[in-house]
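Please read the briefing below alongside the sequence and the 3D view. It goes from the whole chain to single residues.

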Amino acid sequence: MPPKTKKRHFWPRVLSLFGGRRSTGDDSDQVASASAGLGPSQSDHPSARSAPNLPHPAGSSTPRYHEPPPPIHHSRSESDVFDHLQRTALSIPQNTDLLRPQQPFSTLHSYDQSVGPRVHSGAGSFLTGASGFQMGDIQYIEASNVTVHNCGSARQSTVDGWELLLTNTAPNALHNSRARYDAPKCDEDTRVEVTSEIMAFIENPEGPRRLLCITGAAGSGKSALQQTIAEICSGKGSLAASYFFSATDISRNTVTEVIPTIAYQLATGTPAVKLLIKAAIEKDPLIFSKSLEDQITNLIVKPYNRLSTGGLDLSTLPCAILIDGLDECIGEDSQADLLTSIRKCLLVDCLPFRIFIASRPEWAIRTALKPGGHLHQLAYHIQLSDHYDASGDMRRYLRRRFEDIGFSIGDPHWFTEDNIETLVEAASGQFIYVATAYKYVSERRGSPAVRLNILLSWTPHAGHKARPFEALDRLYTNILLAAKQAYEAIDSHHGRDFLLLFRAHHINIRGFKIYSEEHRVSASSLSERWLGLEARAEEVLISDLHSLVAIKKGSDCSHHLNLYHKSFSDFLEEESRAKDLFVPEILVHIHLAKCFMQRIVTCPLDFDSGGYFMRYY
């Protein structure tokens, strides 16, 4: 390796060696690169240059090549340079000064004869034993320090891996994004039990499972939990990456930006990871158009494996990867693809990650977690709506905020404990209900006491113009519309009215009034015998409504539909709230009458045996 103090004399020595001498060969002949095997053909690589027409030392001859000489490859990172130097046969001998000729440069090594005839003969050359060299815009490589020097204005690759990564990320999906400045999160003394359980999972690298999935009904507080865990992990330095889906934000409602955004966060957290991810993108600029598995493998798995083989203890790096709102990602197949790719690529022993996914219990994650699903044995599953009673947390949430309002208006007695209890009971375990109630009451231009009274006494029949549950109504509307579109898009469901069929099941929950009495049948009987549908039709009907509805098994082994939230039932029954999604009960009765008449025509009843109408319960 040449001494650093002599590098500034490099150009004068180059010019002194070649100055004033003319090549005896044809001007079209080029001087070959002194190193072979460092990259692709010169014409293909954007950062490789051919040598210019330079004079040769006296007595030298310029051979005509029958094929283009190998170029010097501009490696994009030190690790790439190291790999190339391992493969090349030419190396700099120890104690060799590139700027001082040591011996005549008579021949190349025997295995370099394939490159072409001898390049030089005669007088000594400063190129003796060089491992990498390029004339023109000079580049040379010092093997002992694995250092790449670019002299002059050599044309670099047009691809900047880091810039390309940034253009494919979704900034709004980050837990601390400005777009999510008012993101919901748990109060300090609420959701303590479930938060502790999640953090225990994340902070136990020796645990048997690497994936935690939380499913829960709409509005049960999953996103608030994710935000809280993200902030806790960020404060402890264990947050590797987070991604918050949103169905209403086009920059984060598909899987396209998920892996780039996670890779970006991994890179910003660890400089060594950044270099390797940047190099991987420059090696394959089209990586973001490839499958999720390829993206995870090349942008996450390989860089981390490279660091591990280099001696880095991966357990010292941030480990928590959080993904919220999987159900808000467009396309069930895309959701399933992401889960499958995570299972195949990230749930392995050689990686340090602890992954936490929250979602409504819709098709993709529900089928993956159920017995026989590909994540059933691998995931630690918490069913938020079933495992935790949030009533106490809701009371604390409302009490604290109502006390703050009392402090600001100078009236600490503006509410009562009975007011809080009424709101908690109406919430039915739905955290979004109490959050919506507080937001309505705390409107800065209104009277808290007046608005609380509206909230407690509000009914659409009373002629109120106020809409205290507007946020909830939007949530229910979006879920129902998506379910309707998915159900009616199936060709075998042609001609069926999703809203009418679901409203029939909703009325059956409380019972149909027949002869002044309420009669309730099982969900399967309603589907098959009353509505004339195929077996298990009710399961297909609610397949996209599991965040609002569940099928429960009764004591008589029959199955019935159960709504998670009373407020959803109120929504379905009030035209002023459901609007275009409202189905009057009379229309359900008319449809059932048509179904019964059709059944009578096709399957006459045996009156002698008592097989009358009511037998079809």
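A residue is called buried when its relative accessible area is under 20%, exposed when it is over 50%, and partly exposed in between, with a 1.4 Å probe and protein chains only. This is a predicted model, in which local features need pLDDT of at least 70, side-chain atom pairs count only at pLDDT 80 or more, and totals for chains, interfaces and linings use all residues. Residues are numbered from 1 along each chain as its sequence is written, and side-chain values use heavy atoms, with hydrogens and water left out.

**Whole protein**

- The protein has 22 helices and 12 strands; helices (H or I, at least four residues) and strands (E, at least two) are DSSP runs, numbered from the N terminus.
- Of its 617 residues, 48% are buried.
- Among contacts with a separation of 6 or more, 72% join residues 24 or more positions apart, where contact means heavy atoms within 4.5 Å.

**Confidence**

- The mean pLDDT is 79, and 70% of the residues reach 70 or more; pLDDT is the predictor's confidence in each residue, from 0 to 100.
- Residues 84-127 stay under 50 in pLDDT, and the model gives them 87 contacts beyond four places in sequence.
- Residues 131-155 also have a pLDDT below 50, with 86 contacts in the model beyond near neighbours in sequence.
- Where pLDDT is low, the predicted coordinates should not be read in detail.

**Helix α16**

- Helix α16 covers residues 470-488, which is 19 residues, and spans 27 Å from its first C-alpha to its last, close to the 27 Å expected at 1.5 Å a residue; the expected span is 1.5 Å times one less than the number of residues.
- Its buried residues are L472, D473, L475, Y476, I479, L480, A483 and Y487.
- Viewed down the axis of α16, these buried residues fall within an arc of 160 degrees, so they line one face of the helix; the arc is that of the directions from the helix axis to the C-beta atoms.
- An α-helix has 3.6 residues a turn, so residues three or four places apart point the same way.
- The cover over the buried residues of α16 includes α14 (431-441), α17 (498-510), α19 (537-541), α20 (566-573) and α21 (575-578).

**Strand residue S359**

- S359 belongs to strand β7, residues 354-359, and is buried at a relative accessible area of 1%.
- A218 is 141 residues from S359 in sequence, and their C-alpha atoms are 9.1 Å apart.
- Beyond its neighbours within four places in sequence, S359 contacts I214, T215, G216, K222, L326, D327 and I365.

**Positive phi in loops**

- Most residues other than glycine have a negative phi.
- R191 has a positive phi, near 55 degrees, and sits in the loop between α3 (161-167) and α4 (192-202).
- R191 is buried, at 6% relative accessibility.
- K579, in the loop between α21 and α22 (585-602), also has a positive phi, near 55 degrees.
- K579 is exposed, at 60% relative accessibility.

**Cysteines**

- The whole structure holds zero disulfides, a disulfide being a pair of cysteine sulfur atoms within 2.5 Å.
- C186 is buried, with a relative accessible area of 15%, and C329 is buried at 3%.
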